[in-house]
Amino acid sequence: MAQPEEQLELVKPDVKYAQAYLAMIDAHFASGEEYNYNNMWLAREDFAAFVRELEDEAQGIDLLAGLPRQQTYFLLKDGVQIIGEIRFRPHLEEPYEKLNGHVGYNIHPAYRGRGYGTRQLALLLEEARQLALPGVSMTVEDENPSSVRVIQKNGGRLLRVVENPPRFALKRRMGN
């Protein structure tokens, strides 16, 4: 008997995904990794506020000068499990463009090496095509051959290597 094909979709953050998202964060820690992709402390404390923060980032509200707006999506498997997260920055300026690119993503540790990163990026690139961007740039941190393969499988190619790049974080302005 054939197994039903799994359903993968990119969804915008919503409070209904709180448990699944926090489970993905916990899986990163359980595998000995940190989770530096989004404000996981806020996600743990107040998931509704976390979702609002991500919505503000998508609209460019209260970002520090020079940081681009970004839309975060969750990779949802079979309508229930978050197995990835991808961030899309459609408009970039220097120095962010050279050092961070349009896209950043991560995959649940238990699902790596199974094509989910490639499929997640393919889904996001469909959105980028709708915006008629002339190209999409991505960076790879450290030595990460898996990410290089994900990019190459989606038609990407290596343009340059940046040694010891400075770290940028998407942060909100405090106050006001």
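Trainee: Where is histidine 108?
Mentor: Histidine 108 is in the loop between strand 4 (103–107) and helix 5 (116–130). Helices here are DSSP runs of H or I with at least four residues and strands are runs of E with at least two, numbered from the N terminus. This is a predicted model, where local features need pLDDT of at least 70, side-chain atom pairs count only at pLDDT 80 or more, and totals for chains, interfaces and linings use all residues. Residues are numbered from 1 along each chain as its sequence is written, and side-chain values use heavy atoms, with hydrogens and water left out.

Trainee: Is histidine 108 buried or exposed?
Mentor: Histidine 108 counts as buried, at 10% relative accessibility. Buried means under 20% relative accessible area, exposed over 50%, and partly exposed in between, using a 1.4 Å probe and protein chains only.

Trainee: And what does histidine 108 touch?
Mentor: Leaving out residues up to four places away in sequence, histidine 108 touches Ala23, Met24, Ala27, His28, Ile82 and Ile83. Contact means heavy atoms within 4.5 Å.

Trainee: New topic: how many salt bridges are there?
Mentor: The whole structure has six salt bridges. Each is a side-chain nitrogen of Lys or Arg within 4 Å of a carboxyl oxygen of Asp or Glu.

Trainee: Which residues does glutamate 6 pair with?
Mentor: One partner is lysine 77, with the closest N and O atoms 3.7 Å apart. Glutamate 6 lies in the segment before strand 1 (8–11) and lysine 77 in strand 2 (residues 71–77), so this pair ties together parts 71 residues apart in sequence. Glutamate 6 also forms a salt bridge with arginine 119, at 3.1 Å between the closest N and O atoms. That pair links glutamate 6 to helix 5, 113 residues apart.

Trainee: Which residues make up the network?
Mentor: Glu6, Lys77, Asp78 and Arg119 are linked in a network of salt bridges. Lysine 77 is buried, with a relative accessible area of 15%, whereas arginine 119 is partly exposed at 34%.

Trainee: Last one: what should I know about confidence?
Mentor: The chain averages a pLDDT of 84, and 83% of the residues score at least 70. pLDDT is the predictor's confidence in each residue, from 0 to 100. Over residues 168–176 pLDDT stays under 50. Where pLDDT is low, the predicted coordinates should not be read in detail.
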